[in-house]
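Hi,

Here is the structure I promised to pass on.

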Amino acid sequence: MSELVPEPRQKPVVPMKPVGINTSLLGYIGIDTIIEQMRKKTMKTGFDFNIMVVGQSGLGKSTLVNTLFKSQVSRKSSGWNREEKIPKTVEIKAIGHVIEEGGVKMKLTVIDTPGFGDQINNENCWEPIEKYINEQYEKFLKEEVNIARKKRIPDTRVHCCLYFISPTGHSLRPLDLEFMKHLSKVVNIIPVIAKADTMTLEEKTEFKQRVRKELEVNGIEFYPQKEFDEDLEDKTENDKIRQESMPFAVVGSDKEYQVNGKRVLGRKTPWGIIEVENLNHCEFALLRDFVIRTHLQDLKEVTHNIHYETYRAKRLNDNGGLPPMTVETEGFLEAWILEGGGVGHAVVLFLSLGDMARRDFGRKKKKKKNKKKKK
């Protein structure tokens, strides 16, 4: 008998890349107006920005956030009691505000983590924070897979995490390294050295170099991550930030003082005023420009395209390639079954539901058939 020869597997068809041709226009079309259209739409709808602050108590987290947005936006500014005790476990407290500047509205949410690093035993104290971040991804994913989803899904995902490092001048604590090692995979971490005015210029420079070295040795990626640089221009700009600015050595203050006839934000000391926005005094201005003026949109895009997509892919993979079941979708399916929906709709619904929902669907359909037979 002749041996059966297996048929060669056909190679998948690879679509041809579109050929780019530089076409000279014969007249004005108006393509450039898309930027103005986008600007008008953003001004109408506004945008969300969610920033998390993590660090030990007493490092000036609330003050720095107030300084960053030049308003009372922190937890302590929103009805916080000064006699409030340090919580026994890490808590998550989110405060929302709407800030408007030049006609542009920003829904700002500041997420504070009181209790982090303040216990005798800080083992796994980052877990509640990681859980909170993943819960926001889950919330967004469930909204995204709803059959009748909202036109604009509320975005509670954490776009940026400012991690406050104590100005010891020596090295990072094991807790600092463990936190950043775990959380850098799920959120954009920006390390900052708090209360930098407690160090001399030489101490500050040496400490910054030591922190960068420790992060590199431990394989910790902080924002902006090297692998996400889109082009040479981005790489050049971000390399300068990674190698010179990070971690930002900052001083925060929401109090104004008179200096050379000008009102400035600063901290008063026996030897003079430390000006928050003076680059000779600290790097607050660099941090502000980085987070708000140059990289805010990129922080949001990296959150959506990298961190959220990584979470989404894992969830779908764990769920057998199907999106998670939502209460809204389950209710929609039940109503559809009772009304006797067609097969075509069933196929669409099945792609949106998990195994458990399919079994429920089968049981309900069977009960309905049995009732018809009895009649």
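Let's start in helix α6, where Lys235 and Asp239 both sit, four residues apart, or about one turn of the helix. (Helices here are DSSP runs of H or I with at least four residues, strands are runs of E with at least two, and both are numbered from the N terminus.) Before going on, some housekeeping: this is a predicted model, where local features need pLDDT of at least 70 and side-chain atom pairs count only at pLDDT 80 or more, while totals for chains, interfaces and linings use all residues. Residues are numbered from 1 along each chain as its sequence is written, and side-chain values use heavy atoms, with hydrogens and water left out.

Back to that pair: the side chains of Lys235 and Asp239 form a salt bridge at 2.9 Å, N to O. The term means a side-chain nitrogen of Lys or Arg within 4 Å of a carboxyl oxygen of Asp or Glu. Lys235 is partly exposed at 41% relative accessibility, whereas Asp239 is buried at 15%. The cut-offs are under 20% relative accessible area for buried, over 50% for exposed and partly exposed in between, with a 1.4 Å probe and protein chains only.

Asp318 is exposed, with a relative accessible area of 54%, and Lys314 is exposed, with 54%.

How many salt bridges does the structure hold? The count is 19. One of them, between Glu144 and Arg312, has its closest N and O atoms 3.8 Å apart. That pair links distant parts of the chain, with Glu144 in helix α3 (residues 127-145) and Arg312 in helix α8 (residues 296-318), 168 residues apart. Glu144 is partly exposed at 22%, and Arg312 is partly exposed at 29%.

Now the cysteines. A search of the whole structure turns up zero disulfides, a disulfide being a pair of cysteine sulfur atoms within 2.5 Å. Cys160 is in none, and the nearest cysteine sulfur, that of Cys161, is 7.1 Å away. Cys160 is buried at 0% relative accessible area, and Cys282 is buried at 1%.

Cheers
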